[in-house]
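Student: Could you take me through a close look at one loop and the helices it joins, and then at how the other helices are packed? I'd like residue names and numbers wherever you have them.

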Amino acid sequence: MFIRTESFKQYLRMYPVVSTLIALNLLVYVLIWLPFLGQWIYFYGVGSNFYIAEGQWWRFFTPMFLHSGVMHLLFNMFSLFLFGPELERLTGKVRFTTIYLLAGFFASAATYFLQPLDYSHVGASGAIFGVFGAFGALVYYGGRALPQLKQIILPIIVISIVMTFLTPNVNVTAHIAGMITGFLIGLSYFHPKRIVSWRAKK
C-alpha cells in the first residue's frame with residue numbers, strides 16, 4: 001500500500017498533486033541558496049508570529065514550503081512521497097490538495113495563537129501530519145474493512161506523535177494541529193454516505 005513500485009513517469013502521471021508539492025519544496029529550497037533572492041524568499045516566507053501580527057497573513061501558508069536544512073527537507077519530502085500517493089488516489093486531486101493546504105494553514109494558525117509572539121517556524125510537517133490525520137479518519141470509519149491499513153497507519157500515527165514530543169526543536173503545536181485538521185476533514189470526506197456519493201460521481 002505504501003511501497004512505491006511506480007516508475008518516475010508513472011509516479012508523475014498518477015500522483016500529480018504530490019509530485020507538484022515535492023517539486024515546489026525542492027525548488028524553493030534550491031532558490032533560498034541563491035544570493036539576495038534566497039534571503040528575500042526565506043525572510044518573507046518564514047512563519048513569524050510577529051510579522052503575522054503585523055498583518056502579513058501569507059505567512060500562514062508559506063512556511064509549509066520552506067525548510068531549515070537538507071535533512072529537514074528530505075525527511076518531510078520522503079514522508080510525502082511515501083504516504084501522499086495513496087491518499088491522493090483515494091480522494092482525488094482537489095480533496096487531497098484541500099487536506100494538505102488546510103492542515104498546513106491551521107498548523108501555522110495554531111502556532112500563531114498558542115506560541116509566543118517571537119516564535120518562528122518553517123516546514124511541511126504540519127501539512128504532512130494532516131495526511132496522517134486523514135488516514136486516521138479513514139481507519140475510524142473503515143478499520144474493519146481495511147485491516148492492513150489499520151495495522152500500518154495506527155503505529156505510524158502513534159510513533160509520529162511520540163517522536164514529536166521527544167525530538168528537540170520541533171513545532172509540536174503545528175504537528176498536532178495539522179493532524180487534527182486532517183482527521184476532521186477526513187471525517188467529512190470519508191463518511192460512508194459521502195464517500196459513496198463522490199466515488200459514484202468520479
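Tutor: Let's begin at Asn-169, which lies in the loop between helix 8 and helix 9 (helices are DSSP runs of H or I with at least four residues, strands are runs of E with at least two, and both are numbered from the N terminus). The model is predicted: local features need pLDDT of at least 70, side-chain atom pairs count only at pLDDT 80 or more, and totals for chains, interfaces and linings use all residues. Residues are numbered from 1 along each chain as its sequence is written, and side-chain values use heavy atoms, with hydrogens and water left out.

Asn-169 has a positive phi of about 60°, although it is not a glycine. With 85% relative accessibility, Asn-169 counts as exposed (buried means under 20% relative accessible area, exposed over 50%, and partly exposed in between, with a 1.4 Å probe and protein chains only).

Now look at the two helices on either side. Helix 8 covers residues 147-166 and helix 9 covers residues 172-189; their axes come within 9 Å and cross at roughly 160° (axes are lines fitted to C-alpha atoms, for helices over the stretch in contact, and angles run from 0 to 180 degrees between N-to-C directions). That crossing angle makes helix 8 roughly antiparallel to helix 9 (under 35 degrees counts as roughly parallel, over 145 as roughly antiparallel, 65 to 115 as roughly perpendicular and the rest as oblique). The crossing of helix 8 with helix 9 is left-handed (the near helix is turned anticlockwise from the far one by less than a right angle; clockwise would be right-handed).

Who touches whom here? From helix 8 come Ile-157, Ile-161, Thr-164 and Phe-165, and they meet Val-172, His-175, Ile-176 and Met-179 of helix 9 (contact means heavy atoms within 4.5 Å). By class, the residues of this contact are six nonpolar, two polar and no charged (Ala, Val, Leu, Ile, Met, Phe, Trp, Tyr, Cys and Pro count as nonpolar, Asp, Glu, Lys and Arg as charged, and the others, Gly among them, as polar).

Helix 9 also has a number of buried residues, including His-175, Met-179, Ile-185 and Tyr-189. The 18 residues of helix 9, at 1.5 Å a residue, should span 26 Å, and the end C-alpha atoms are 26 Å apart, which agrees (the expected span is 1.5 Å times one less than the number of residues).

Another loop residue worth a look is Phe-36, found in the loop between helix 2 and helix 3. Phe-36 has a positive phi of about 65° and is not a glycine, and its 71% relative accessibility counts as exposed.

Val-17, Ser-19, Leu-21 and Tyr-29 are among the buried residues of helix 2. The cover over the buried residues of helix 2 includes helix 1 (8-14), helix 3 (37-45), helix 5 (70-91) and helix 6 (93-114).

Two of these residues show what that looks like up close. Val-17 is buried, at 13% relative accessibility. Leaving aside neighbours within four places in sequence, Val-17 is in contact with Glu-88, Lys-93, Phe-96 and Thr-97. Val-17 and Pro-85 are 68 residues apart in sequence, yet 8.6 Å apart in space, C-alpha to C-alpha. Ser-19 counts as buried at 11% relative accessibility, and apart from neighbours within four places in sequence it is in contact with Tyr-11 and Leu-12.

The axes of helix 2 and helix 6 come within 9 Å and cross at roughly 40°; the two helices are therefore oblique to each other. In this contact, Pro-16, Val-17, Val-18, Leu-21 and Asn-25 of helix 2 meet Lys-93, Phe-96, Thr-97 and Tyr-100 of helix 6. The classes there are six nonpolar, two polar and one charged.

Finally, helix 5 packs with helix 7 (residues 125-142) at an angle of about 35°, with their axes 10 Å apart, in a left-handed crossing. Residues in this contact include His-72, Phe-83 and Glu-86 from helix 5 and Ser-125, Phe-132 and Leu-138 from helix 7. Ten nonpolar, four polar and one charged residues make up the contact of helix 5 with helix 7.
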